[in-house]
Amino acid sequence: MSERNTTTIPSTHRPTRYFWLAVLALLCVQTATTALAQVTGEFRTVSVADPYLEMHTGPGSGYPIFHVIDRGETVEILMRRTDWFQVRGPDGTEGWVDRAQMERTLQPTGTQIEFAQANQQDFTDSKWELGLLAGDFGGANIISLYGGYSLNPNVSIEAWGSQILGNFSNGWMGSVNVVHETWPDWRISPFFTLGAGVIHTEPKSTIVQGEDRTDQIAHAGAGFRIYATRRFILRAEFKSYVVFTSRDDNEEVEEWKLGFAFFF
Amino acid sequence: METRFRLLFLALPIMAFGLSGCAATKNLFGWGEEETPPPAEIPEGQVIEPQVERREIREPDIDSEDFEIGAFVGVMGIEDFGSDVVYGVRLAYHVTEGFFVEGSAGQAQGGLTSFEILSGGAPLLSESERDLTYYNLNVGYNILPGEGFVGEGRAYNTALYVSVGLGSTRFAGDDRFSVNFGAGYRFLLTDSVAMHVDFRDHLFDIDLLGEEKTAHNLEGSLGVTVFF
């Protein structure tokens, strides 16, 4: 009973605390909505500079044009999906306009609007990269995810996580790599890589013998980063691994992988 | 032996960097050439900094909705182990109007094989080993974008898409490399909310019943996704 009494004392303060929290939350929502209203109202309106602006029914070149807006009229940009913009015309009609035509509209200042689109220069200069590769790891299948950060156009650091799925054993591998690109401005850019990490192997349940192992690994490799389009990179690489096992001999594994990545 | 390999790995970076150095001596590592631009100077006589608000459209002001997140529920047939309810989540990124990449994860549970039911003997798998979980990473293409008409006055954007990918399936106590392919129909209820009808075949090798074979596990699902 006495315990219950002690707990009731602080709980009397709780409703007031919740009240203030609620007020704070309400204030935050209020400010956010007013800020949003300002953005939608003022900054997203453009005027048509082409003879007319073509509105498609959907965000794709195959969708039919169902409405046009004449030169000089203003439209409000609602959202973007890939290279298509949803706009609202002066009469309230909503439709999708492609990027090329949107770039020929004028802002309230009279200047042309520009939508940054990733190009090959960004491929060279971008800081972050995220990718997915799959391939063969010494006869087993491997699926890898990596994230990279460029210190400068030539040198970047990457963190890799892989799942290895073989006939007799499964496992995972984590490693940190240093990647050097000699000609980062080439569309097909070769690279060298070095790294170290750990590999965990567990035999399959149908295999009777064997136990789980965790070993250190080191690797060297080379490959190509190929600029495809927009933020897309194709990547192919070969890596040679040395697994520092606790047995007498070190194990050597060759790995081939192919995949894609994004830069941003 | 071990130290020899470690030495080899030390020698490799020196060689690699040396080689690339010969080919591109200028600005080898990109370091050193970076110059910070001089800070903008305010003229001495000017007391008030002009604060003209530019009414220009900045790109971040435009809501970009290229990601799609959602959940699905359906039926999955696990070869030899009957069918079960499957449910999962998916996340897609639309790269262009045609291509998208997609990650998905799902789970179902295998039942009893016909052999287990007929023989009435000891079960092949424990209860937890019958749990099937998978993750898949796919590339998809909107092969037939179009519109669906409901009645006279309503049109909805739709797309028939094909998707292929790979991943890992955990079933019968092991992770198994799996490949999947299929097709789906995306029906956009609004510009940001979509319904999916999706059919997939998940393939993986399994040697549980004696010899190794490729198991086909068909899945049909209904899903809801939101663009953001």
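These questions and answers cover a barrel and a pocket in a predicted model.

Local features need pLDDT of at least 70, side-chain atom pairs count only at pLDDT 80 or more, and totals for chains, interfaces and linings use all residues. Residues are numbered from 1 along each chain as its sequence is written, chains are lettered from A and ligands numbered from 1 in written order, and side-chain values use heavy atoms, without hydrogens and water.

User: In what order do the eight strands of the chain B barrel close?
Analyst: Strands are DSSP runs (E, at least two residues), numbered from the N terminus. Two strands pair if DSSP finds at least two bridges between them. The pairing here is antiparallel, and the order is E2-E3-E4-E5-E6-E7-E8-E9.

User: How many bridges join strand E2 to strand E9 of chain B?
Analyst: E2 covers residues 67-77 and E9 covers residues 213-227. Gly74(B) stands opposite Ser221(B) in E9(B). The two strands run antiparallel, and the bridges joining them number nine.

User: Which strand gives the most to the lining of the second largest pocket?
Analyst: A pocket is an open set of points on a 1 Å grid over the protein atoms alone, where a 1.4 Å probe fits, with protein on both sides within 12 Å along at least five of seven lines; lining residues have an atom within 4 Å of a point. This pocket is lined by 25 residues. The top giver, with five residues, is E12(A).

Technical notes:
Helix = DSSP H or I, 4+ residues; strand = E, 2+ residues; numbered from the N terminus.
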